[in-house]
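Colleague: Could you show me the model, and then talk me through what was computed from it?
Modeller: Here it is.

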Amino acid sequence: SLFESDYYMVQSCTTTHTLWQTLLSMYEKKETVTKIYLIAFSTLQMKESDSVTAHYSAYETIIAQLS
């Protein structure tokens, strides 16, 4: 099962090997970026000088970037 956008990326593949390599390169990149944002999310801490609103805004920014 593929997302429609992913299908367009692999529809020209003629062998299973090229299909697999294409999917691998697509999803490895997404996984790496996701890991970076998850690390940023896990290290997010509210500073005493920050307002709750500013902290929540930083949280929402990370969540939006993960989406």
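The chat below goes from the overall fold to single residues.

Colleague: Before we start, what should I keep in mind about where this comes from?
Modeller: This is a predicted model, in which local features need pLDDT of at least 70 and side-chain atom pairs count only at pLDDT 80 or more, while totals for chains, interfaces and linings use all residues. Residues are numbered from 1 along each chain as its sequence is written, and side-chain values use heavy atoms, with hydrogens and water left out.

Colleague: OK, how many helices and strands are there in the protein?
Modeller: The protein has 3 helices and 0 strands, and along the sequence the pattern reads α-α-α. Helices (H or I, at least four residues) and strands (E, at least two) are DSSP runs, numbered from the N terminus.

Colleague: And what share of the residues is buried?
Modeller: Of the 67 residues in the protein, 7% are buried, where buried means under 20% relative accessible area, exposed over 50%, and partly exposed in between (1.4 Å probe, protein chains only). The protein exposes about 5700 Å², of which carbon and sulfur atoms supply 60%; accessible areas come from the Shrake-Rupley method with a 1.4 Å probe, and for residues only the protein chains shown count as cover.

Colleague: Which residues form the nonpolar patch on the surface?
Modeller: Leu2, Phe3, Tyr7, Tyr8 and Tyr27 form that patch, with about 550 Å² of accessible area together.

Colleague: Switching to rings, how many aromatic pairs does a search of the whole structure find?
Modeller: The search finds 1 aromatic pair. Tyr7 and Tyr8 form an edge-to-face pair, 5.9 Å centre to centre with 65° between the planes. Rings of Phe, Tyr and Trp (its six-membered ring) pair if their centres lie within 6.5 Å, and planes under 30 degrees apart count as stacked, over 60 as edge-to-face and the rest as tilted.

Colleague: Why does Tyr8 count as partly exposed?
Modeller: Tyr8 counts as partly exposed because its relative accessibility is 48%; Tyr8 lies in helix H1 (residues 4-10).

Conventions: Patches are made of residues with over 30% relative accessible area and no salt bridge: like charges are joined within 9 Å, nonpolar side chains (Val, Leu, Ile, Met, Phe, Trp, Tyr) within 5 Å. A salt bridge is a side-chain nitrogen of Lys or Arg within 4 Å of a carboxyl oxygen of Asp or Glu.
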